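Student: Can we go through this structure together? I'd like to start with the pockets.
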Amino acid sequence: MSQPLIRRAGSADAAALAAIGVRTFSDTFGHLYPAADLERFLADSYSLERTVADLADPAKAAWLVEAGDEVVGFALAGPCALPHAEVTPDCGELKRLYLLKPLQNGGLGARLFAETIAWLQAHGPRTVWIGVWSENHGAQRFYARHGFKKVGEYGFQVGDTIDHEYILRRDAVSFSISTAPL
């Protein structure tokens with residue numbers, strides 16, 4: 001596999017983006033759900049129609065991670081839609097960030113995360129939110145290392161199954177503070 005490339009996804013990438021979404025969600029969480037619940041969730045959340053709409057929305061952005069001719073990961077960001085009283089229209093959300101398992105824990109996720117956060121902060125510091133499964137301890141540690149703190153909980157619906165999710169936030173002011181060594 002060649003050195004992975006991260007690039008902004010465009011409308012021509014809709015099918016590839018939908019396919020990697022289905023694959024990574026299924027690989028990561030598929031074992032948690034009855035088949036009918038998983039199928040219904042994937043058909044809604046990662047359908048070609050939904051992906052085309054996300055890519056056409058100027059308030060959202062998506063990235064693909066490619067290794068050679070294979071798509072191996074992706075991210076999606078946009079306005080925050082998490083159910084928390086402090087969410088405002090100015091808030092951003094890292095909605096999805098997934099890599100195939102063999103590429104996890106090697107720094108590629110951090111690169112993809114940095115690209116996504118840079119886009120979310122392109123017009124100045126703003127508060128960024130993330131929803132993460134309560135049992136995904138690796139993701140929670142990753143986001144904590146990047147300044148995110150747990151500020152709430154909610155139920156994430158996958159078919160008829162409701163997952164216990166945490167709401168994480170990093171305040172806008174923390175993005176304006178330089179963390180570079182002096």
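Tutor: First, a term: Ala, Val, Leu, Ile, Met, Phe, Trp, Tyr, Cys and Pro count as nonpolar, Asp, Glu, Lys and Arg as charged, and the others, Gly among them, as polar. Also, this is a predicted model: local features need pLDDT of at least 70, side-chain atom pairs count only at pLDDT 80 or more, and totals for chains, interfaces and linings use all residues. Residues are numbered from 1 along each chain as its sequence is written, and side-chain values use heavy atoms, leaving out hydrogens and water.

Student: How do the residues lining the second largest pocket divide by class?
Tutor: Seven are nonpolar, two polar and two charged. Among them are Trp119, His123 and Arg126. A pocket is an open set of points on a 1 Å grid over the protein atoms alone, where a 1.4 Å probe fits, with protein on both sides within 12 Å along at least five of seven lines; lining residues have an atom within 4 Å of a point.

Student: And how much space lies in the largest pocket?
Tutor: About 1400 Å³. Its lining has 48 residues, and Phe29, Leu97, Tyr98, Gly131 and Tyr143 are the closest to its centre.

Student: Which strand gives the largest share of that lining?
Tutor: Strand E4, residues 92-99, with seven residues. Strands here are DSSP runs of at least two residues, helices of at least four, numbered from the N terminus.

Student: New topic. Which residues have the most contacts inside the largest nonpolar core?
Tutor: Phe25, Tyr143 and Phe148, in a core of 44 residues. Such a core is a set of buried Ala, Val, Leu, Ile, Met, Phe, Trp, Tyr and Cys residues joined through side-chain atoms within 4.5 Å. Buried means under 20% relative accessible area (1.4 Å probe, protein chains only).

Student: What else is there apart from that core?
Tutor: Another core, of seven residues, including Cys80 and Trp129.

Student: How many aromatic pairs turn up?
Tutor: A search of the whole structure finds 17. Rings of Phe, Tyr and Trp (its six-membered ring) pair if their centres lie within 6.5 Å; planes under 30 degrees apart count as stacked, over 60 as edge-to-face and the rest as tilted.

Student: Why is the pair of Phe25 and Tyr98 edge-to-face?
Tutor: Because their planes are at 75°, with ring centres 6.5 Å apart. Phe25 is in helix H1 (residues 14-29) and Tyr98 in strand E4, 73 residues apart.

Student: Are those two buried or exposed?
Tutor: Both Phe25 and Tyr98 are buried.

Key. Buried means under 20% relative accessible area, exposed over 50%, partly exposed in between (1.4 Å probe, protein chains only). Grid points are joined across faces, edges and corners, and a volume is the space filled by probe spheres set on the points.
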